[in-house]
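Subject: Handover of a structure

Dear colleague,

I am handing over the structure below for your study. Please keep it open while you read the notes that come after it.

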Amino acid sequence: MPTQGLSLLLWVFLVHLAGIYLYTRGFLLTRLALSDINACDDGSCKLPPTHKRAVVLVIDALRFDFLSPHPPEPLSPYHHNVLRLPQELTAAHPTHSFLFEMFSDPPTTTLQRLKGITTGSLPTFIDMGSNFGGSSISEDSFIGQLQAAGKKIAFMGDDTWTTVFPESFEPNMTFPYDSFNVEDLHTVDEGVIEHLFPLLQDKSAPWDVLIGHFLGVDHVGHRLGPDHPTMKTKQEQMDRVLRQVVGLLDDDTLLVLLGDHGMDRKGDHGGDSDHETSAALWIYSKGHQLLHPKAAIPPHLLTTRTFPGAPVENRHIQQIDLAPTLSLLLGLPVPFNNLGTVIPELFWHDKSGRDYARALTLNVQQIKRYLDTYRNSASGGELDGAWDDLERIWQTVNFEATAKDQNAQWLAMTAYTRQALAVCRMLWAQFNVSLMTLGLVLLVTGTAASVLLYLKLGTLQESWESWSADVKRWYVTSMFSGALLGFVGYITLSRYAKGVGLVEALLFGSALASSLVVIVSARPSFSAVSIRSLTAAPLPLTLHALVFASNSFTVWEDRVVTYLLITSIVPSVLVGFSAPTSRLRYRILGFSALFAGCVRLMAASTVCREEQQPFCHVTFFASSSLPSPPPLVLTFSVPIALILPWIIKRFLKISQSDKGTASIVLPLILPGTLLMGTAYWVLEHLDSSEALDPEWTGTLRFMRTLCARIAFSGVLFFGYALWWLVTVCLKISTDTRTDSAAFDRPRREVTVLGFANAYGASYVIFWCLFLGLVYPATQLTGQLVLALATISILAHLEVVDSVRDVRELEAVFASGNPSAILQQDGLQPASIPLRFSEITPLALLAVHAFFATGHQAAIPSIQWKAAFVLTPTLTYPLSPLLVTLNTLGPHFLIALAAPLLALWNVAPLPQPAADVRVRLDAVRASLGMMLYHAVLLLSSAVCSAWLRRHLMVWKIFAPRFMLSALTVVVVDLAVLFGVSVGVGRVSERVSKLFAAMNPR
C-alpha cells in the first residue's frame, strides 16, 4: 500500500474539511429560536373563539392552481378543475368560504413548512438538511398553545408531525404513517380516511382539533409528475373525501384545508421556484359566517398576485399568517415567535371591522414583544442595522392608536408586521464574516499547498517517498503546534472575533500551520520560477472557476462545461496532426473524435433549472412534467447494458490485457450487474406508468427489488472478492524450445499476455466494479450517460498514451541518438511526466456527467426515487446512501478513474523502479483531480462571499457552493479509496509478480 502518498492525500482531504466546515459555519447560519411562551391569565392576549372545534387537513404538495377557479393556461386535464369542492363552495357562500394562495418560505420541505405553519417563524437555508431527521420543536407553537389550553388533538397521516410534536397528540387518537415511501401512493391516504371519518361521525369523540395529513398527491408528483392520469385519480379521491368531511361537519367546527408547499413542473419540491412556493389554503365555516356581507375591507389589506400563466389575480398571503390566524380564531394566544399577520377576511365579523382591529392589535403587540426579547438576547446585535427603522414604524403605530382614523391605524400596524417579517428574513440571511474569512484562508492556503505539492512531486523520482515521509513528520508536528497557537489566539482574541469558538480556533490553527509548513517544504527554487511558469495556469480550469462570478454563467454551467470539455482535448488533437507515424496519428485523432462524440451525446441529456426557462428543454425525462424515461432510452437501455462490458473488453484487447480477472468480470459479472440495474428501472417504469393491471403491482415491486439486490450483492460479495484474490489481468504461458546455440539444450520461454498494461487493466476491473454499484442507483437515461462516460474515459486514456508515445519519440529524435528506439529500454512510456492537462478532461467529465445524469445545482433536481432501489420503504441508512450514490456517484466514479492516467499502458519492468514511478504518478494524478475541484470550491466560496448580498445568493450561489463543497469531499474520498485500495493492491500484486523478471 502506498502509505506515504496516501498520507499526503489524506492531509489535503483534512485541510479541505476544515476549510469547508469553517466557511459553511459562517455562510449558512441557523437562527436563534426563543423558548418564551405567549401566555396571559387574564385573557388579554387572545380573543373569544369563533368555533369550538377545528378540522385541519393537509394535502401534501397542494399547489394553488390545483384548487384555483382560474388555473393557468393551457389547462391540464390531470390537475386543473379536478378538486372542485373548494371553488364551488367559495362561489356559493363567499362569506363562509375563502380561497388563498400562500407563499411558503423555502426550503419547501415538509418539516420546515410544518414548523412555519405552527410557529409562524421562518426557516433558514441550512434547516433543509434536517428534513430527513427532524427534531422536536422547542419554540412556542399553535400545537403547544392548544396543549396549554387543555385541548385534545387527534392526528392521522404523515409521521413528521409526531416527530416534531412527540408528546402533543392523544395516544388513542394518533395514527402516524411513514412519510418518505414515495413508492406507496395510497397507504397513508387510506389510513387517514380510515381513522378520520369515525371521529367525525362520533359526535361525542373527545377531540378539539383534528389534524389529517394526506401524502398521495405529493407521492404521485414525485413518482409520476403532475401531468399523469394517476394525479387526476388522486385528486378525485381527495375531492370525494372533502365532500364527505363537509357533510359531517357541525356548525361549530372550522375546516382548514392547506398544502404545505407546491411542486415544480415535474412534481418535485425543496427549492424556491414559483410553483414550489405556491401552496393552496381553503378555509370554510359551515355555520358561522366569517365575513360580514357588507364589509368594506380597505384594498391595502388585501394583497394579490397572479399565479404564473393564470388569467386573473388571486388573493395572496404568507403561509406563516396561518399561525396567528388559527390561534386567535380558536381563542388561543399567538405563538411567541410568530412573524405572520392575521388574515383580515376571517376576522371581519361586523361592518366596521372591530374584531379585526382587536386581532391585529394583539398580533402586532406579540411581534413587538418578540423583537424586544430577541433584541435583548445573545443574538440581539443582529438587529442593530434595522432597529431604528422598526422603532420609527412602531412610533407610528403608537401615534395612530390615539387617532380616530381606524384605516391609518390598520395601515401602520400591518406596515410594522410586514417590516418585521422583511427584517427577519434578511436577519437570518446574515453571515459570520469572521468564520467565513477563516474558512477562505484555509481554502486558499490549502489550495496553494496542493499546487506546490503537485509540482514538487513532479520533480522527484525514486526519492519521492523519503521526501514525503520527511514532510509528513513536519506537517503532523505543525498540526499540534498550530492547535496550541489556535488555543492561545482564542483566549486572547475571542472577544473580538464574533462567533469563533474554541473548536473553530483549534481547527483553524492546526490546518493553517500544517499548510504553511507544506508550502515552505514544497516551495520551488528561485531559479525554477519564470514568467512563463507564473502564467501557465490551465485555461479550462481558469475559465471554469470564473463562471461562479456571474449568476447567468452559473445557471448555464452545464452548457459551459460541455464547451470546456471539448476544448480541453484540442492540445491532444494538435499533437495528433503532427504525430510522426500514421498509426499514432490515427489513434490520437480517432480516439479524440470518439471522446468528443461521447461528450456531445452526454450533453443531449438535460434537466432544466427554473432560471433556464424557456430556453431549455428537458430530455432526461419524457417531458418536463412526466418524470419517466423517454421512449428512445427505453429502447436502448438493455442493449447498452449488454454491449458496454464488451466495449470495455475491446479496449483491453488492444494491449492483450483482457485475460485473468477481466475474462470473468467483463463477460459474466459486469453484464449481469448492469442488466439487473437496467431491469430494476424498466420494471419501475412499468409499475409507475400502470402499463400492467393493478394486480401486478406487488409482483413488479418484488421483482425490481430483487433485481437491484442481485446487482449490488453480485458486485460487493463476489466481484470485489474475486478481484482481491485474482487481481491481475494476465495470461502467463510457458514453452520449452531447443536452443541450437546452446548445443540443442532445452530452453524455457515464458509468454505474458497483457504485460504492457498489467497495471492499468487490473485497475480498470476495480473501477468497473464500482461502476456496477452506481449503475443500478441511476435512472435509465443516466445509465446511458454513464456508459458514454465510461467510453470517454477509455478513449481519453488511449489518447494520453499515444500522445506520450509521440513525445517520447520526439525526445529520442531530439537526443541525436535515434537508434535508442531499438534498444530494450529505449522507449519507456513511464518516463514521460504526467501533465495537468491530462487530468483536466477527467475532472470536467465528472462535472459533465453530474449534469447529464439529470442533476443541477438546485434542490429540486434530487432524484428521490433512488432511495427505494433496494427496499420498498424508506430504510436507514440505505435510502440516504442510495440518494447520495445517485447524486454524487458520477463524481466519485470518474474521480476514481484518475489513477488510470498513471497506470494505463505502463510496462511493469524494471522493478522496483517501474512500481515506484507508477505509485508516484498515481498520487500526482489523484492530487491533480483533488486540486481541480478544490479550485472550483475556492472560486465558488469567494464568489458567494463577495456576492452574499446579491438578490440570487440563496437561489444560485449558495446551492452551487454547497454542491462544490460536497463534490470536493466526494472526490477526495474517491481518490483516497482508489489509491489506498485500488492502486495499493494492483501495485502489490504486479510488483511481486514481476520482481524476479528484471532484464539482465
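The notes below set out what was found in this structure, topic by topic.

This is a predicted model, in which local features need pLDDT of at least 70 and side-chain atom pairs count only at pLDDT 80 or more, while totals for chains, interfaces and linings use all residues. Residues are numbered from 1 along each chain as its sequence is written, and side-chain values use heavy atoms, with hydrogens and water left out.

Helix packing

Helices (H or I, at least four residues) and strands (E, at least two) are DSSP runs, numbered from the N terminus. Helix H24 (residues 662–688) packs against helix H25 (residues 697–725) at an angle of about 155°, and their axes are 9 Å apart. Axes here are lines fitted to C-alpha atoms, for helices over the stretch in contact, and angles run from 0 to 180 degrees between N-to-C directions. Angles under 35 degrees count as roughly parallel, over 145 as roughly antiparallel, 65 to 115 as roughly perpendicular and the rest as oblique. H24 and H25 are therefore roughly antiparallel to each other. Their crossing is left-handed, a term used if the near helix is turned anticlockwise from the far one by less than a right angle (right-handed if clockwise).

A second pair consists of helix H1 (residues 3–27) and H32, which pack at an angle of about 160° with axes 10 Å apart. That angle makes H1 roughly antiparallel to H32. The crossing of H1 and H32 is left-handed.

Salt bridges

A salt bridge is a side-chain nitrogen of Lys or Arg within 4 Å of a carboxyl oxygen of Asp or Glu. The whole structure holds 34 salt bridges. One of them joins Arg-223 and Asp-687, whose closest N and O atoms are 2.9 Å apart. This pair links distant parts of the chain, with Arg-223 in helix H7 (residues 216–224) and Asp-687 in helix H24, 464 residues apart. Both Arg-223 and Asp-687 are buried; buried means under 20% relative accessible area, exposed over 50%, and partly exposed in between (1.4 Å probe, protein chains only).

Asp-389 and Arg-392 form another salt bridge, at 4.0 Å from N to O. These two residues lie in helix H12 (residues 384–402), three residues apart, about one turn of the helix. Asp-389 counts as partly exposed because its relative accessibility is 36%, whereas Arg-392, at 51%, counts as exposed.

Asp-558 and Arg-559 also form a salt bridge, with their closest N and O atoms 2.8 Å apart. Asp-558 has a relative accessible area of 8% and is therefore buried; Arg-559, at 34%, is partly exposed. Elsewhere, salt bridges that share partners join Arg-223, Glu-684, Asp-687, Arg-704 and Lys-865 into one network.

A nonpolar surface patch

Which residues make the nonpolar surface patch? They are Leu-484, Phe-487, Val-488, Ile-491 and Leu-502, and the patch covers about 440 Å². Patches are made of residues with over 30% relative accessible area and no salt bridge, like charges being joined within 9 Å and nonpolar side chains (Val, Leu, Ile, Met, Phe, Trp, Tyr) within 5 Å. Accessible areas come from the Shrake-Rupley method with a 1.4 Å probe, and for residues only the protein chains shown count as cover. Helix H15 (residues 464–493) gives the most to this patch, with four residues. Leu-502 is in helix H16 (residues 502–521) and, at 33% relative accessibility, counts as partly exposed.

Backbone features

Most residues other than glycine have a negative phi, and most peptide bonds are trans. Ala-61, however, has a positive phi, near 65°. Ala-61 is in the loop between strand S1 (53–59) and helix H2 (85–92) and is buried, at 0% relative accessibility. Gln-656 likewise has a positive phi, of about 60°, and sits in the loop between helix H23 (631–653) and H24.

Two peptide bonds are of interest here. The bond from Tyr-876 to Pro-877 is cis, with omega near 0°, and Pro-877 is in the loop between helix H28 (836–852) and helix H29 (878–896). The bond from Leu-909 to Pro-910 is also cis, with omega near 0°, and Pro-910 lies in the loop between H30 and H31.

Yours sincerely,
A colleague
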